[in-house]
Each structure stands twice: as C-alpha cells, then as structure tokens.
Number of protein chains: 2
Amino acid sequence: MSLIVVGSMAFDAIETPFGKSDKIVGGAATYIAWSASNFTKPVKLISVVGGDFPKEDLEALKKRGAVLDGVQIKENEKSFFWSGKYHMDMNTRDTLDTQLNVLGDFNPVVPSSYQDCEFLMLGNLAPGVQLQVIEQLKTKPKLIVLDTMNFWMDVALDDLKKVLQKVDVLLVNDSEARELSNEFSLVRAARKILQMGPQYLIIKKGEHGALLFHEENVFYAPALPLEDVFDPTGAGDTFAGGFIGHIARTKDISYENMKTAIIIGSAMASFCVEKFGTQRLTELTKADIDRRLIQFQELVNFDIELV
Amino acid sequence: MSLIVVGSMAFDAIETPFGKSDKIVGGAATYIAWSASNFTKPVKLISVVGGDFPKEDLEALKKRGAVLDGVQIKENEKSFFWSGKYHMDMNTRDTLDTQLNVLGDFNPVVPSSYQDCEFLMLGNLAPGVQLQVIEQLKTKPKLIVLDTMNFWMDVALDDLKKVLQKVDVLLVNDSEARELSNEFSLVRAARKILQMGPQYLIIKKGEHGALLFHEENVFYAPALPLEDVFDPTGAGDTFAGGFIGHIARTKDISYENMKTAIIIGSAMASFCVEKFGTQRLTELTKADIDRRLIQFQELVNFDIELV
C-alpha cells in the first residue's frame with residue numbers, strides 16, 4: 001500500500017533574471033518526493049545517482065519519509081547535470097548544458113518491497129525507462145501518472161506512445177500538448193491525446209494555471225498570481241508531487257478528487273518558485289500549505305445566480 | 001437611473017487563420033451594447049458615425065434596448081475603420097489600416113436625457129474624449145469603468161493619467177498593464193496601477209482568463225477552453241459589456257459582485273469569439289447564456305478539505 005515515484009535525482013545550475021545558482025540538487029524525483037511527502041508516506045523512490053550526489057540530501061529525504069531502496073548509487077560515476085537559463089517571462093528557457101552521466105544507461109530495478117505499489121508517479125525520464133518500471137510491477141497500480149516533455153516527443157515518440165497506452169493520467173505543458181497532438185487548440189489537443197491511452201490529461205500552463213480534461217469534462221485550476229517567480233525549475237515536478245500525494249493520501253481516483261489534487265499541486269508549485277531549487281519546499285510547514293490552499297479557494301470563489 | 005456606454009461604432013475588416021471578413025460593423029460601443037443589453041436596459045450610447053454606417057444596424061441596437069440620442073450621425077463623413085490580421089495564437093495582431101474619419105474630431109455631447117446616469121462604461125477611445133464625458137455629467141455616477149489600450153499610453157499618457165484619477169474600475173489586458181506600470185509581474189503592476197486612481201483593476205489575459213485586483217485581494221476568472229477561437233475582435237468590449245451589464249442590473253458595486261460580473265463578462269466574451277464580428281452576440285438567447293454560466297461554474301468548482 002504505497003506510492004512509487006520514479007525520476008531523476010540530479011544537479012542543476014540555474015540562471016534567472018533574478019540571479020544565478022551554483023550547482024544545486026534537483027531532479028524530478030527529488031522535487032516530487034519533497035512535495036508528495038507533505039501528504040503521504042512512505043514515498044518509495046526509484047532513481048540513480050553518482051558518487052557525487054550529497055549523502056546529506058539523501059538523508060534529508062529519508063527523514064522526510066522517502067524510501068531509497070530503489071535508488072541506485074553508482075559511486076564511480078557522476079550524477080545527471082542540467083544547466084539552463086530562463087527568459088524574462090519565466091515560461092521559456094534555454095538549455096546551456098546537459099550531461100546524462102548515470103542516466104545514460106539507467107536500468108531501473110523495482111525492489112520487491114515496492115511490489116505493494118498502489119500509486120505510481122512516473123516523473124520525466126526516457127519513456128523506455130518509464131515502461132520498464134511498469135513492466136516490473138506484478139500488480140497493476142490503482143493509478144499511474146506520467147510526466148514527460150517535448151524532448152522525448154522528438155527522440156523517442158514510439159516509446160512514448162507505447163507507455164501512454166499503459167498510463168491513466170498524462171501531465172504535460174501546453175506546448176507539449178500541442179506538439180504531441182499536432183493541434184493548436186488545447187481542447188482539440190486534449191481530445192486527440194485522450195485517444196492515445198490516458199483517461200485523464202492535465203495541461204500545465206505555468207502562471208496561467210492548469211487544465212484537467214476527462215471525457216467531455218474540463219476543469220480549470222488557476223495559478224496564484226505571484227509578485228515574483230524567482231526560479232521555475234521543478235515547479236512542474238512539485239505540481240506532480242502535490243497531485244499524486246493527495247491522491248495517494250485519499251486513495252480516491254475520482255474526477256472530483258483529481259480536481260482537488262490539481263489545486264493542491266498548484267499550491268505546492270506556487271511555493272517551489274519562490275526560491276532557488278528545492279529550498280522553499282524543504283522549509284514548508286503544514287500551516288503554510290493550509291494558508292495557501294485557503295488563498296486558492298478565495299482566488300476562484302464566486303456566486304452565480306441565474307435570473 | 002441608467003447605463004451610459006461611450007465608445008466607437010465603426011467598421012472592421014478582419015483576417016484570422018480561419019478566414020477573412022469583409023468590412024463589417026464593429027466598434028467598442030457596438031460590442032458593449034450588444035453584450036450589456038442582455039442584462040440591463042436601456043443602454044444609452046454616446047458615439048459618432050458617418051453617413052455610411054448602416055441604418056439597419058442602428059435599428060437593431062434600438063430594438064435591443066439601446067438609446068441612440070447621444071450618437072452623432074455625420075452624414076457627409078465616413079465612419080471609423082480598422083483593419084487587422086490575427087496571428088495563429090490569436091493573442092497578437094497586426095494593424096493593417098486605421099482610418100479615424102469621424103473619430104478624428106469627435107466631441108461627445110451628453111444629452112440631458114442621459115443625466116440620470118448611474119453607471120458609466122467608457123469604452124476604448126482617446127482619454128481626452130473619455131474625460132469630456134465625465135466632465136459633462138452633473139452627478140458623479142455610482143461606478144465609472146474605463147477601458148483603454150497601449151496606443152493611448154504611447155500617444156496620450158498625460159490625458160490617460162488624468163482620466164484614471166476619475167474612474168473606479170480600469171480594464172486592460174496583461175501587456176497594457178505591464179506597459180502602464182513598467183512592471184513585468186502582474187501583481188506588482190496591479191499595485192502600482194491601483195495607486196493611479198482606480199480602486200479596482202481588471203487584467204484581461206485572453207484565453208488565460210482575467211484577474212481582478214482590489215486592495216490586497218485578487219480574484220482569478222478562468223476563460224472557457226474553446227475548440228476554436230474564430231475571431232477575437234471585440235472580445236474585450238464584449239467582456240466589458242457583460243461586466244457593466246451585470247453591475248447595472250444588480251446595482252451592487254461590492255467586490256463580491258464584481259467577481260460575478262467578471263464571470264459574466266468572460267462568458268459573454270466566450271460567445272463573441274465563436275463567429276466573425278458581432279454575429280454570435282446578435283443570435284444569443286437567455287438560455288445560451290445560462291448554459292454557459294453553468295459551464296463556468298463547473299469549470300472552476302472544487303472542494304478542499306484541510307486535514
């Protein structure tokens with residue numbers, strides 16, 4: 001009875017209009033775990049790091065309720081490294097450097113202690129790796145959520161289409177939804193993507209919120225208007241962590257509960273961008289999260305009386 | 001006890017990725033009147049047209065509850081004409097031609113029968129003209145709403161700043177809010193603009209919805225995700241019409257009611273873009289509007305239970 005999170009654990013070096021970070025700890029699985037652990041424990045991780053990955057960061061995640069049995073540590077190799085620079089609008093960025101390192105030949109192994117998996121969160125990784133994890137699970141999880149990106153649509157579309165047929169929820173951003181579907185209208189894009197396998201599609205639009213599509217239904221989650229977006233790195237992963245964390249806590253995979261899960265994901269992402277890297281996430285208290293959820297309620301609450 | 005709407009009544013020629021219109025009737029006051037008249041009557045117009053403006057369009061507006069005593073008809077001159085081409089994203093456009101014609105030396109005259117004005121909607125026009133209307137009113141209306149655009153920030157900023165000090169609600173889009181405030185963050189932009197006069201600021205974000213700022217409060221109205229945006233011309237004016245129409249009907253200028261008014265404005269705008277020009281607005285029934293308002297409720301409705 002647990003949540004498995006698959007994804008990179010890595011180093012990032014980030015430039016934004018507000019400043020520049022040194023090489024700091026990042027990676028999809030890291031952000032997802034920090035975020036999801038506010039709602040559910042344990043968070044069973046599957047990832048790979050090099051000998052350079054700080055042991056204290058692994059310890060901090062353990063303390064937080066992460067289980068690392070599925071995290072391979074390759075002492076003589078280096079962790080995945082990404083470096084990028086954000087533009088003023090913070091929705092677009094240039095990749096300055098990518099060093100695959102340990103991710104280059106990653107073969108995920110699902111420990112036997114993870115076989116009780118009910119909820120599977122496949123963070124952004126090669127679709128072939130995501131597929132390997134699904135195939136190693138002896139029982140189909142209640143819900144499989146997959147995050148991916150345009151890079152995989154360009155270099156591994158066939159693998160991506162294969163894994164899409166095995167997942168329940170797909171998480172992409174608006175430009176990725178357009179690329180995957182070849183449609184500009186997000187409504188048309190959603191209709192096409194929902195025929196590729198997933199029953200639920202979440203389209204993240206950054207500062208413009210997120211959309212959930214399911215059958216003929218659509219739900220619009222706002223983003224909290226922020227004074228400054230300091231560093232958007234990991235916001236999508238943090239969103240995914242809040243989403244799957246809430247679903248795993250409530251064990252309710254209805255459309256109604258997914259709407260709530262998206263609001264929680266949006267609230268978590270709104271914290272993530274307030275500081276560089278995972279820093280803001282590591283400081284969060286339950287009271288912080290509750291306050292922000294109330295802000296989200298106030299943000300969209302209105303009365304309509306038909307006359 | 002009535003609503004005054006000030007704005008252009010004009011011709012547009014529009015190109016979108018979906019097609020091209022001939023010279024069709026448009027103008028801010030036209031769209032606002034078609035939209036507002038679903039909620040309140042009479043709608044007292046102040047505008048100017050040339051002899052070329054179709055009499056049947058004026059008649060249609062009258063039938064709909066518009067009063068035209070404040071519409072000057074200059075039989076020997078030509079109506080304002082605008083021609084533009086929208087890009088694929090429908091949020092940006094190029095102006096191909098602008099012929100001011102009768103708008104070039106427009107001096108609005110407020111008829112004495114309009115002096116009972118409670119609600120004043122100043123559609124996009126030269127700020128000097130907007131100011132003239134305010135100054136002719138013997139009693140300050142309960143609420144003055146002003147729409148403007150970046151063009152006036154470039155060529156008539158001093159006049160704009162003067163009129164801003166006399167209005168309660170300012171309506172602009174996101175790029176206009178950024179230009180007016182010199183701030184990229186919309187939260188910072190709003191804070192600065194709320195110091196220029198208006199107590200309420202509405203920032204329209206097209207397909208990404210609209211934000212209402214008031215003191216330290218913020219409200220996020222979604223846009224309905226649409227399969228196709230056929231022609232965005234007039235969507236902002238239609239939004240303004242729904243907004244002021246609801247306010248004038250309810251006579252309630254509280255923050256809470258403005259949130260509802262923004263949802264109604266958004267619903268009206270979502271119809272406007274479905275066909276070229278005002279066509280969709282002229283066909284609308286109350287049942288259409290009610291159905292769409294229910295869609296808006298469903299679009300953002302969620303439950304949060306703090307645990």
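At 22% relative accessibility, B:Ala126 counts as partly exposed, where buried means under 20% relative accessible area, exposed means over 50%, and partly exposed lies in between, computed with a 1.4 Å probe on protein chains only. This is a predicted model, in which local features need pLDDT of at least 70 and side-chain atom pairs count only at pLDDT 80 or more, while totals for chains, interfaces and linings use all residues; side-chain values use heavy atoms, with hydrogens and water left out. Residues are numbered from 1 along each chain as its sequence is written, and chains are lettered from A and ligands numbered from 1 in the order in which they are written. B:Ala126 belongs to the loop between β9 and α3 (127-136) of chain B, with helices (H or I, at least four residues) and strands (E, at least two) taken as DSSP runs numbered from the N terminus. Its C-alpha atom is 8.4 Å from that of B:Asp159, although 33 residues separate the two along the chain.

**Where chain B meets chain A**

- Contact, meaning heavy atoms within 4.5 Å, joins 42 residues of chain B to 42 residues of chain A.
- About 3,900 Å² is buried between chain B and chain A, and carbon and sulfur atoms give 60% of it; buried area is the accessible area (1.4 Å probe) that two parts lose on being put together, summed over both.
- B:Tyr220, B:Glu227 and B:Phe302 supply 18% of the area that chain B buries against chain A, more than any other three residues.
- Six salt bridges are counted between chain B and chain A, a salt bridge being a side-chain nitrogen of Lys or Arg within 4 Å of a carboxyl oxygen of Asp or Glu.
- B:Asp228 and A:Arg188 meet through their side chains in a salt bridge, with 2.6 Å from N to O.
- Between chain B and chain A, 19 residue pairs are in polar contact, both residues being at pLDDT 80 or more; the term denotes a pair of N or O atoms within 3.5 Å, where within protein one must be able to donate a hydrogen and the other to accept it, and where residues adjacent in sequence count only if both atoms are side-chain atoms.
- On the side of chain B that touches chain A, α7 (186-193), β14 (217-221), α9 (255-272) and α11 (286-300) of chain B each supply at least two residues, and the largest share, nine residues, comes from α11(B).
- By type, the residues on this side of chain B divide into 22 nonpolar, six polar and 14 charged, with Ala, Val, Leu, Ile, Met, Phe, Trp, Tyr, Cys and Pro counted as nonpolar, Asp, Glu, Lys and Arg as charged, and the others, Gly among them, as polar.

**Core and buried positions**

- In soluble globular proteins, nonpolar side chains tend to be buried together.
- The largest nonpolar core has 225 residues, and those with the most contacts inside it are A:Leu45, A:Leu120, B:Leu45 and B:Leu120; such a core is a set of buried Ala, Val, Leu, Ile, Met, Phe, Trp, Tyr and Cys residues joined through side-chain atoms within 4.5 Å.
- Leaving out residues up to four places away in sequence, B:Leu45 touches partners including B:Val5, B:Met9, B:Leu61 and B:Tyr114.
- A:Thr238, found in helix α8 (residues 235-250) of chain A, counts as buried because its relative accessibility is 0%.
- Among the residues that A:Thr238 touches, not counting those up to four places away in sequence, are A:Tyr31, A:Ser35, A:Met268 and A:Cys272.
- B:Ile203, which lies in strand β12 (residues 200-204) of chain B, likewise counts as buried at 0% relative accessibility.
- Beyond its neighbours within four places in sequence, B:Ile203 is in contact with residues including B:Val172, B:Asp174, B:Leu186 and B:Phe213.

**Salt bridges within the chains**

- Over all chains, a search of the whole structure finds 38 salt bridges.
- A:Lys251 forms one with A:Glu118, the closest N and O atoms being 2.9 Å apart; because A:Lys251 lies in the loop between α8 and α9 (255-272) of chain A and A:Glu118 in strand β9 (residues 117-122) of chain A, the pair ties together parts that are 133 residues apart in sequence.
- A:Lys251 is partly exposed, with a relative accessible area of 32%, whereas A:Glu118 counts as buried at 17% relative accessibility.
- B:Asp105 pairs with B:Lys74 in a salt bridge whose closest N and O atoms are 4.0 Å apart.
- B:Glu283 forms a salt bridge with B:Lys275, with the closest N and O atoms 3.1 Å apart; B:Glu283 counts as partly exposed at 33% relative accessibility, as does B:Lys275 at 29%.
- In chain A, salt bridges that share partners join A:Glu274, A:Lys275, A:Arg280, A:Glu283 and A:Arg292 into one network.
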